[in-house]
Amino acid sequence: MSDVNAEISAVDHITNDQALLQIKDLHVWYELKRFGFGHAGYVRAVDNVRFVLEQGEAIACVGESGCGKSSLMKTILGLNIPTKGDVIFDNTSLSQTKGEDLRRYRSKIGYIQQDPFGALPPFMNVQSILEEPMIINGIKDKQERRRRIEKILEEVKLTPIEQVLPKFPHMLSGGQQQRVVIARAMIMEPKLLVADEPVSMLDASVRVEILRLLRKLQEEHHLAVLYITHDLSTVRYFSEYIFVMYAGQIVEFARMEDLLDNPKHPYTLALLEASSDPNADNALVQREIPKGEPPSLVNPPKGCRFHPRCPYMMEGICDVLEPPNIEVTPKHLVACWLYDEEKGHAI
Amino acid sequence: MEQQNELVLKVRNLRLYFNTHSGPVQAVDGVDFDLRKNEATVIIGESGCGKSSLAKAILRLLPRNAGTYDGEVWLHDKNIMKLDDESFRKEIRWKRISMVPQAAMNALNPVLKIGTQVAEPAMVHMNMNEEEATKAAVRMLEHVGVPVDFLHRYSFELSGGMRQRSALAMALVTLPDVVILDEPTSALDVLTQASIMNLMKRMKKELETSFILITHDIATSSELADNVAVMYAGQVVEVSDARRFFTKPLHPYSHALMASVPRLRETIEPEFITGQPPSLLNPPTGCRFKDRCPKRFEKCDEEPPTVLVDGDRKVKCWLYV
């Protein structure tokens with residue numbers, strides 16, 4: 001990476017025309033129909049999200065279910081069409097891409113699913129699972145396919161190869177299944193990996209192993225990785241940057257250590273408060289959890305979307321005006337009125 | 001030594017094997033643990049170690065291929081393993097010991113209203129009429145934090161957290177002595193999970209109920225645990241009070257499990273456990289963890305005894321003999 005990029009500020013990290021993946025003011029809205037044809041509003045799953053991801057960088061997206069992280073992911077993968085805004089990946093604009101080009105676009109992004117057993121076809125053995133993407137994407141040379149399979153299985157440590165290839169998914173353990181999923185995502189040598197909760201279905205003892213494997217692949221292949229999770233405790237070992245989503249919007253964006261050690265947004269604070277480390281003292285305390293549930297995305301609350309649950313809500317500001325992105329410290333952005341110089345009083 | 005609460009459940013040498021084409025699967029093999037009033041015992045282990053089978057064995061919810069099933073389960077001063085199936089169903093199941101099965105929130109009946117479903121156990125097991133049962137259901141739903149007007153809603157109209165609370169209310173409506181919770185929070189979001197844990201901590205104090213929490217999530221288990229039992233390959237390898245367990249686990253497997261937990265507030269690099277848990281079809285002789293154990297020595301080829309350490313902690317390992 002050039003010296004210029006080494007000095008990028010957080011704002012550049014939100015708009016940078018050189019980056020591998022650029023999410024530009026992305027909106028993904030799903031239309032609601034009444035009686036099958038009448039328009040009845042939109043579900044605003046992703047609302048004005050922007051960030052960039054450089055080659056060789058890992059970014060974590062943290063949020064609860066229903067916060068729009070899956071919609072964001074599906075749009076990046078080219079499975080959803082942006083309602084407004086754009087996704088630019090490897091100089092290809094997703095909103096301009098159609099048909100055959102869209103298929104080629106998809107082949108350049110690897111996707112690691114959450115549930116490995118559900119993601120692998122039960123009637124295919126490992127060999128055909130790994131071969132299929134190559135056949136679809138026109139790698140006709142059988143030797144070449146074989147070479148790639150051997151190389152990738154070696155990398156994800158599924159050995160001895162000869163024994164693994166004829167196996168069906170149900171014959172593998174959860175960890176091994178996830179390795180096959182990772183191998184399949186890597187087989188087209190993508191520049192970007194999208195990992196959707198890659199370890200949440202696995203046992204504690206193999207989680208760390210899979211995370212390390214992903215980290216190793218990322219470093220060796222200089223991959224960009226978007227790591228989607230709801231579990232804050234695993235991001236420390238994985239990503240350089242992290243952003244927190246709530247109700248379709250990014251509420252905080254920072255370097256990983258900065259966010260974990262010095263969280264700013266009340267929602268991030270709540271997430272950190274709710275995640276526990278093993279400690280017997282936990283049983284003695286009641287945790288402070290914001291009341292209520294995430295809002296409906298059909299009619300999101302006015303102003304800050306977190307204000308109905310926020311313990312620091314400022315009447316007349318948070319429930320009226322949408323909070324701006326405030327750069328509290330370099331490379332640390334937070335969308336919260338508390339940090340506004342005039343209106344706020346930081347916690 | 002502090003005053004200990006009254007003993008509610010005492011499990012001794014409980015075994016449950018399943019018959020398969022390739023031979024018996026030793027899912028629960030000689031399990032011992034205790035549960036005291038107003039306390040929670042957490043059962044930790046990887047998937048396939050027999051945790052859920054243990055829950056089924058205690059409640060005698062056996063699948064058709066159950067083979068060997070013996071041992072002792074003492075509820076207060078009665079060995080409930082001695083009861084015949086009919087009296088077990090009438091006297092014990094749901095009345096004294098109830099359960100929130102895995103993914104209970106998705107198992108609620110979609111065509112029955114929440115109120116009806118929560119009242120049902122009270123009608124079936126407590127011989128209440130509909131009116132009384134509904135009253136009991138309302139009381140319990142209030143207790144677990146479900147708004148009363150949800151009584152007339154269907155499960156698909158509720159969020160995950162509210163459905164999990166309703167499932168919990170169903171298990172508590174008969175005011176049982178023991179509630180078995182099988183992975184109660186694994187499908188929930190972080191904030192919902194924490195508020196359900198808050199709720200269970202409160203329930204544990206307020207009601208005359210003890211909990212058995214079955215989970216693979218060690219960090220969350222510490223939220224509720226008074227005692228911890230670690231299961232590996234069908235056996236309990238360590239039983240300890242939570243305070244000492246979370247600061248200094250004894251068994252090498254407990255050690256490895258604790259080291260594999262990613263920490264949020266510390267920067268310790270987590271470690272993983274190499275290898276796979278053994279098959280329960282033909283478990284290795286001697287210690288079942290020996291092939292993955294970093295501290296293995298010659299003795300480990302023999303069946304390890306259960307040793308008392310630090311007074312009342314039990315560990316099944318040759319290192320402490």
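**Close-up views of a two-chain predicted model**

**View 1. The contact between chain A and chain B.** Chain B gives 38 residues to the contact and chain A gives 32 residues, two residues being in contact if their C-beta atoms, placed from the backbone, lie within 7 Å. This is a predicted model, in which local features need pLDDT of at least 70 and side-chain atom pairs count only at pLDDT 80 or more, while totals for chains, interfaces and linings use all residues. Residues are numbered from 1 along each chain as its sequence is written, and chains are lettered from A in the order in which they are written.

**View 2. The side of chain B that touches chain A.** Helix 6 (190–206), helix 7 (218–221), helix 8 (242–247) and helix 9 (252–259) of chain B each supply at least two residues of this side; helices are DSSP runs (H or I, at least four residues), numbered from the N terminus. Helix 6 of chain B has the largest share, seven residues.

**View 3. Domain 1 and domain 2 of chain A.** Domain 1 covers 1–108 + 191–275 and domain 2 covers 123–189, with bounds from an automatic or database domain assignment. Their centres, taken over C-alpha atoms, are separated by 26 Å. Domain 1 of chain A gives 12 residues to the contact and domain 2 of chain A gives 10 residues. On the domain 1 side, helix 9 (residues 204–221) of chain A supplies the largest share, six residues.

**View 4. Surroundings of Ala183(A).** Not counting residues up to four places away in sequence, Ala183(A) touches Leu130(A), Ile152(A), Leu153(A), Val156(A) and Leu158(A).
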